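Here are my notes on the model, point by point. Please keep the structure open while reading.

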Number of protein chains: 2
Amino acid sequence: MSVTAAAGFEAAGVEAGLRTGSGPDFALVVNRGPSAAAAAVFTRNRCTANPIIWSKQVIRDGVVSAIALNSGGANCYTGMLGFQVTHATAEAVGRELDISAGDVLICSTGLIGEQLNTARLVDGATKAAAALTASGGTAAARAIMTTDTHPKQAERRGDGYTIGGMAKGAGMLAPGLATMLVVLTTDADVEAPQLDTALRAATRVTFDRLDSDGCMSTNDQVTLLASGASGVTPDPADFTRLLTEVCLDLALQLQGDAEGAGHDIAIETRGARSEEEAVAVSRAVARSNLFKAAVFGNDPNWGRVLAAVGTTDAAFDPFGIDVAMNGVRVCQAGQPDQPRDLVDLTDRAVSVVIDLHAGGAAATVWTNDLTHDYVHENSAYSS
Amino acid sequence: MSVTAAAGFEAAGVEAGLRTGSGPDFALVVNRGPSAAAAAVFTRNRCTANPIIWSKQVIRDGVVSAIALNSGGANCYTGMLGFQVTHATAEAVGRELDISAGDVLICSTGLIGEQLNTARLVDGATKAAAALTASGGTAAARAIMTTDTHPKQAERRGDGYTIGGMAKGAGMLAPGLATMLVVLTTDADVEAPQLDTALRAATRVTFDRLDSDGCMSTNDQVTLLASGASGVTPDPADFTRLLTEVCLDLALQLQGDAEGAGHDIAIETRGARSEEEAVAVSRAVARSNLFKAAVFGNDPNWGRVLAAVGTTDAAFDPFGIDVAMNGVRVCQAGQPDQPRDLVDLTDRAVSVVIDLHAGGAAATVWTNDLTHDYVHENSAYSS
């Protein structure tokens with residue numbers, strides 16, 4: 001159930017004193033091989049943090065031996081000094097593990113515009129390297145938590161190989177993979193280009209469709225490391241399917257722990273002309289603060305669904321749209337259908353199904369409601 | 001200070017029993033001429049209410065003699081019956097005033113998907129027609145209030161002519177003029193095509209840049225009626241300038257009364273390659289829930305400003321951006337500048353200035369913070 005579920009990996013989570021208060025804040029995941037193939041996808045935000053700038057260089061050759069992740073600071077917009085901090089962290093990990101710093105990915109999370117303490121990061125690298133074990137996955141998953149209330153881990157077993165993973169993120173979840181750090185590991189023997197293809201296919205329909213609050217982070221990174229320790233080279237389609245399952249598992253854990261959320265909302269758009277349009281419609285609803293506030297109040301306000309649908313360029317007849325909430329069709333062909341009172345929104349899970357009757361494509365976007373606690377946590381969060 | 005400030009207009013606001021509880025809910029503004037020239041702009045939402053569908057037909061010939069506005073229901077997604085309700089209201093107004101129903105604009109606001117009571121609307125038309133006076137502007141402005149805490153009115157005097165106006169709206173304020181009803185009146189003698197040009201120019205830089213919560217309504221309408229009673233035909237540029245002043249006055253009143261808001265935030269982007277890009281950058285920040293929640297907490301979290309800027313396609317060097325909040329430059333060329341502690345956000349008015357250093361264009365978008373009260377009002381609002 002962790003990044004050490006797959007053979008060939010060791011991990012650790014230690015306290016480096018980076019964050020306010022106590023607790024682990026530095027995680028290290030090491031690929032012992034025999035293979036060191038890797039792939040990564042990054043935030044699409046153009047304002048990116050130093051660890052993103054660094055990691056984009058490291059991943060170019062498809063070879064990664066270790067990934068270090070810290071909470072306590074995003075190391076974003078911290079200037080040249082900030083980049084040196086990231087570089088120094090990679091060098092420290094490289095020294096400890098006797099590998100090249102150029103094979104070490106770095107991830108950071110926390111407040112933008114604050115310098116991290118290099119000495120503490122280097123100390124964290126030393127401590128973490130000493131603490132590495134083949135059962136350290138959960139310790140690593142704990143060390144990357146910020147406002148997460150629990151560690152997020154997943155695991156799937158394929159035909160002779162395993163995929164495991166961990167994730168952190170409890171807000172700013174948006175299509176650019178916002179404030180989300182994910183490490184996926186497998187003992188399958190897969191080359192870097194195929195890992196890249198599989199990872200992009202899996203994230204496209206999972207993390208990219210998780211849109212908790214529409215805000216895209218500067219630090220998001222999803223990394224996939226393959227040790228080849230199983231000796232098995234899976235069928236690419238099977239591998240992608242299993243990887244997608246792990247990603248969806250983690251994505252829904254992130255949704256379930258989104259900051260201050262009271263409801264997990266799955267918004268499915270059917271009958272769209274294309275998958276892209278289905279995503280656009282679902283995402284427009286997912287980003288409607290009015291709709292999200294209504295769900296917080298257990299109010300099946302389907303008018304706010306249609307008002308959001310109407311802001312998109314998707315193909316539809318405005319008077320040919322059906323809307324169902326938790327299985328009750330409240331709007332049929334643009335007219336009131338079943339009474340809204342029949343919709344019970346008291347459970348955490350909420351389903352919205354929009355049928356555009358304009359084609360055969362469908363897609364789901366996952367979001368959360370807009371709550372008092374969301375406002376509170378995000379107005380108080382400066383640490 | 002109202003829609004009856006300009007000569008040639010009468011107005012009334014009466015109680016038609018449309019809304020829950022008591023209070024005026026039906027407004028009527030009549031243009032007594034001699035001219036009946038008019039222009040209107042509508043929500044860009046593709047899911048539009050019946051009064052919008054009706055009014056778009058009425059405005060085609062540029063002739064409008066009266067506009068009736070009701071709260072208590074949006075008359076949106078109410079099917080053919082809903083359209084008949086709008087039609088019947090226009091017919092009732094026409095009968096009372098001895099004018100064509102085809103010269104009567106209709107505006108409605110309230111919950112989507114609920115039928116309005118035709119008999120009560122017709123009764124409202126009768127009552128309002130009987131109550132029309134040349135000093136009825138404020139009564140009309142009160143009758144269109146929903147969650148507004150006070151009526152919004154404005155007036156400017158030009159060279160021999162006057163422009164007055166009223167507005168309602170306290171949420172769902174977005175580029176499509178969301179849940180915003182505005183009636184502007186003038187006694188200038190201006191033909192409909194010139195009114196249209198002036199109105200589009202004025203709304204483009206005022207109401208279209210008010211983005212309280214990113215949600216676009218199905219019912220927005222801004223109407224400009226010209227009686228010609230002053231006999232003055234103003235210089236087009238002067239008229240547009242004065243009209244823009246009235247629109248900005250009303251827009252900032254709407255911002256100041258946005259549902260649950262604690263801060264009025266002006267987000268100016270300078271140094272943009274084009275005005276469109278300046279608007280896009282300012283709007284991206286205005287739609288960041290994380291930024292808005294931070295302002296609610298008086299937290300000058302400029303990292304959230306940059307994270308929003310980075311989601312746009314505007315021309316900029318990510319490490320060439322300056323950000324100032326309330327006059328304190330907290331970020332210079334992508335690095336921390338003045339300490340964020342120097343920024344005092346306790347006042348209601350907040351200024352954010354982003355300099356992209358990529359050109360000579362600038363634009364301001366006005367928004368509000370994201371507060372507990374916003375969540376509360378919009379989770380409880382079903383009436």
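Which radius of gyration does chain A have, and which value would a compact globule with 383 residues have?

1. Overall dimensions. This is a predicted model, so read every value below as computed from predicted coordinates. Chain A has a radius of gyration of 21 Å. A compact globule with 383 residues would come out near 21 Å, so the chain agrees with that expectation. Along the principal axes, the C-alpha atoms of chain A fill a box of roughly 65 × 45 × 30 Å.

2. Burial and surface. In chain A, 63% of the 383 residues count as buried. The accessible surface of the chain comes to about 12500 Å². Carbon and sulfur atoms contribute 50% of that surface.

3. Contacts and secondary structure. Take the contacts in chain A with a separation of 6 or more. Of these, 80% are between residues 24 or more positions apart. The chain holds 10 helices and 15 strands.

4. One open sheet. Four of the elements to inspect are strands of chain A, arranged in the order β1-β2-β4-β5. The sheet is open, and its pairing is mixed. Which strands stand at the edges? They are β1 (9-14) and β5 (104-108) of chain A. Each has a single partner strand, so one side of each is left without a neighbour in the sheet. On average, neighbouring strands of this sheet are turned by 10° against each other, direction ignored.

5. The β4/β5 pair. In chain A, strand β4 covers residues 66-70. β4(A) pairs with β5(A) in the parallel sense, over 5 bridges. Within this pair, A:N70 stands opposite A:S108 of β5(A).

6. A helix on the sheet. Helix α3 of chain A, residues 118-131, packs on the sheet. The helix touches β1, β2 (26-31) and β4 of chain A. Its direction makes about 130° with that of β1(A).

7. A:S55. Is this residue buried or exposed? A:S55 has a relative accessible area of 0%, under the 20% cut-off, so it counts as buried. The residue lies in helix α1 of chain A, residues 50-58. Its side chain reaches the backbone oxygen of A:I106 at 2.9 Å. Neighbours within four places in sequence aside, A:S55 is in contact with A:F42, A:L105, A:I106 and A:Q221.

8. A:S282. This serine sits in helix α7 of chain A, residues 275-286. A:S282 is buried, with a relative accessible area of 0%. With which side chain does the side chain of A:S282 make a polar contact? The partner is A:T269, at 2.7 Å. Leaving aside neighbours within four places in sequence, the contacts of A:S282 are A:I267, A:E268, A:T269, A:A363 and A:V365. A:L243 is 39 residues from A:S282 in sequence, and the C-alpha atoms of the two are 24 Å apart.

9. B:M80. On chain B, look at helix α2, residues 79-97, where B:M80 has its place. B:M80 has a relative accessible area of 58%, over the 50% cut-off, so it counts as exposed. B:N50 is 30 residues away along the chain. The C-alpha atoms of B:M80 and B:N50 are separated by 8.9 Å.

Terms used:
Residues numbered from 1 in each chain as written. Chains lettered and ligands numbered in written order. Predicted model: local features only at pLDDT ≥ 70, side-chain atom pairs only at ≥ 80, totals over all residues. Heavy atoms only, no water. Pairing = 2+ DSSP bridges. Helix = DSSP H or I, 4+ residues; strand = E, 2+ residues; numbered from the N terminus. Axes fitted to C-alpha atoms, helices over the stretch in contact; angles between N-to-C directions. Contact = heavy atoms within 4.5 Å. Buried < 20%, exposed > 50% of the residue type's maximum accessible area, 1.4 Å probe, protein only. Polar contact = N/O pair within 3.5 Å; in protein donor to acceptor, adjacent residues only side chain to side chain. Rg over C-alpha atoms; globule rule 2.2 N^0.38 Å. Areas by Shrake-Rupley, 256 points an atom, 1.4 Å probe, with all protein chains shown as cover.
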